[in-house]
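Here is a short note for someone meeting this model for the first time. Please keep the structure open while reading.

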Amino acid sequence: MMDTTFKLIAILLYFAAMLAIGFYASRKNNDLDDYMLAGRKLPPFVAALSAGASDMSGWLLLGLPGAVYASGLVEAWIAVGLTIGAWLNWKFIAPRLRAYTEVARNSITIPSFLENRFRDRTHLLRIVAGGIVLVYFTFYVSSGMVAGGKFFESSFGSTYLVGMLLVAGVTIVYTLFGGFLGASLTDVAQGLLMLAALIAVPVVALINVGGWGEMVDLIGSADAGMEEGTNRLSFLANATWVGVISALAWGLGYFGQPHIIVRFMALRSAKDAVAGRRIGVAWMAICAFGAVMTALVGIAYFQANPGITLDDPETVFLVLAQILFHPFVAGLVLAAVLAAVMSTISSQLIVCSSALVEDLYKLFGRKASARNELWLGRGGVILVAIIAILIALDPEASVLDLVSFAWAGFGASFGPVVILALFWKKFNAWGSLSSLVVGAVIVFWWGNMPDEAWGGAFEMYEIVPGFVLAAIVGIIVSLVTHRSEAAETAEISAEFDEAVAVSKGKEFVTSEA
């Protein structure tokens with residue numbers, strides 16, 4: 001009973017800190033631009049940790065350690081792919097997107113940027129892009145709430161509903177008032193908490209089992225008692241080329257994740273992307289290494305202590321924390337799991353709200369004052385949250401199956417579009433629209449086909465065919481539908497050149513000058 005009390009105190013302190021940050025940020029929000037993009041004043045440290053924390057979710061502390069614990073280092077290829085993808089995203093996309101979204105009529109969302117970039121007067125591109133964001137992220141938010149409910153159910157013996165509503169309620173409150181800045185600042189605290197936990201747990205556990213050499217020997221002994229040929233210390237044990245490519249391909253998803261790349265748009269300047277890249281990728285590399293080490297030292301620990309069993313590999317991080325630390329410290333480590341879940345929910349709520357208000361409502365609604373637009377943004381958060389809660393009332397809701405390939409859906413649909421829009425002058429609205437649709441459709445179709453179909457072709461992660469085909473279709477359609485309107489083409493071309501110059505920290509001089 002006392003152990004549970006200490007853990008609850010730690011969790012409640014964490015909740016209080018998140019709410020305090022949210023209320024602090026609320027005082028900085030004066031209009032929709034502040035609420036959705038923090039007025040483009042985000043320091044690189046905040047942007048980097050916010051992007052990382054909102055990206056990783058519970059996968060980093062539960063999914064990855066569980067996969068490595070069960071199957072070995074072959075599962076770590078996903079972490080390698082994600083780290084490479086994050087580096088490429090910060091290196092090439094961040095500075096160009098930061099510059100271009102401001103040059104293109106100060107676009108504060110990806111759908112509005114695409115419309116402004118291509119001068120799409122039909123608004124069709126913005127509506128389709130906003131709709132994709134809204135639908136996918138509503139499911140994503142719901143999945144995070146389900147994870148929160150299950151966390152409290154398994155960690156504290158509470159009912160699923162109480163846990164889900166508690167996590168949802170706290171996250172909604174600080175997001176509702178704090179907006180993008182509140183979500184970003186809480187992400188920083190959550191990212192630091194995750195980092196500390198992913199260093200402390202494997203280090204203390206490694207000391208407990210007797211060091212590196214003893215850990216390797218214990219893993220070897222554990223593997224000897226499993227199926228013949230098992231070697232969880234090998235990156236290639238039981239691996240196939242399809243499996244390795246599929247794992248590495250997770251990195252492709254970064255280019256199209258709205259809740260991640262919107263952090264680039266909020267940077268103070270394009271030059272800040274350099275510092276952001278160094279901080280963000282370092283954070284990710286350390287956290288990913290800590291997650292993998294947690295799994296490996298977990299194998300050794302449970303081999304050395306046969307009286308302790310691990311029923312679910314995905315709980316290896318949680319179980320080790322509760323065994324090795326004082327209950328209050330264990331509570332803080334448990335809070336790191338909540339941090340991973342809540343940071344993602346808050347970021348996705350803001351993106352959903354922006355899609356609802358900036359990309360859909362403002363196209364058809366009456367013009368509102370800056371203050372009213374701010375409250376419309378908050379209303380969007382509440383509306384999306386209510387729908388997500390209704391979906392999450394059923395912990396076995398079938399929509400959760402969709403979340404497993406939502407990363408691929410965003411990566412394959414938005415990824416090629418963002419890259420081509422930023423780096424190819426001739427890319428146009430019809431090419432962008434077709435690329436969005438093809439990427440989303442291919443991922444949905446491929447992800448629902450049985451793996452054994454077509455000689456096992458569908459074992460390949462759906463982001464690979466989706467991304468490649470979406471890029472090819474976007475290029476072909478742009479070339480076929482290209483039309484030359486001198487004034488508009490010159491304007492778009494000049495805007496493109498200005499964005500390139502600004503992204504490199506250079507002063508743009510027009511040809512007229």
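With which residue does Arg-98 form a salt bridge, and how far apart are the closest N and O atoms? The points below start there.

1. **Ground rules.** This is a predicted model, in which local features need pLDDT of at least 70, side-chain atom pairs count only at pLDDT 80 or more, and totals for chains, interfaces and linings use all residues. Residues are numbered from 1 along each chain as its sequence is written, and side-chain values use heavy atoms, with hydrogens and water left out.

2. Arg-98 forms a salt bridge with Glu-102, with 2.8 Å between the closest N and O atoms. A salt bridge here is a side-chain nitrogen of Lys or Arg within 4 Å of a carboxyl oxygen of Asp or Glu. Both residues lie in helix H5, four residues apart, which is about one turn of the helix. Helices are DSSP runs (H or I, at least four residues), numbered from the N terminus. Arg-98 is buried at 4% relative accessible area, whereas Glu-102 is partly exposed at 42%. Buried means under 20% relative accessible area, exposed over 50%, and partly exposed in between (1.4 Å probe, protein chains only).

3. **A pair between two helices.** The whole structure holds nine salt bridges. One of them joins Glu-115 and Arg-126, at 3.0 Å between the closest N and O atoms. Glu-115 sits in helix H6 and Arg-126 in helix H7, so this pair ties together parts 11 residues apart in sequence. Glu-115 is buried, at 7%. Arg-126 is buried too, at 8%.

4. Which residue meets Arg-119 in a salt bridge at 3.1 Å? The partner is Glu-495. Glu-495 belongs to helix H21 (residues 486–503) and Arg-119 to the loop between H6 and H7, so the pair links parts that are 376 residues apart in sequence. Glu-495 is buried at 8% relative accessibility, and Arg-119 is buried at 9%. Salt bridges with shared partners join Arg-105, Arg-119, Glu-491 and Glu-495 into one network.

5. **Backbone points to check.** Asn-106 is not a glycine either, and has a positive phi of about 55 degrees. Asn-106 is found in the loop between helix H5 (77–103) and helix H6 (110–118). At 34% relative accessibility, Asn-106 counts as partly exposed.

6. **The largest pocket.** How much space lies in the largest pocket? About 1,300 Å³. A pocket is an open set of points on a 1 Å grid over the protein atoms alone, where a 1.4 Å probe fits, with protein on both sides within 12 Å along at least five of seven lines. The volume is the space filled by probe spheres set on the points.

7. **Its lining.** The largest pocket is lined by 38 residues; lining residues have an atom within 4 Å of a point. Ser-57, Gly-58, Trp-59, Ala-147 and Glu-314 lie nearest the centre. Elements giving two or more residues include helix H3 (44–56), helix H4 (63–71) and helix H14 (327–364). H7 gives the largest share, nine residues. The lining divides into 20 nonpolar, 13 polar and five charged residues. Ala, Val, Leu, Ile, Met, Phe, Trp, Tyr, Cys and Pro count as nonpolar, Asp, Glu, Lys and Arg as charged, and the others, Gly among them, as polar.
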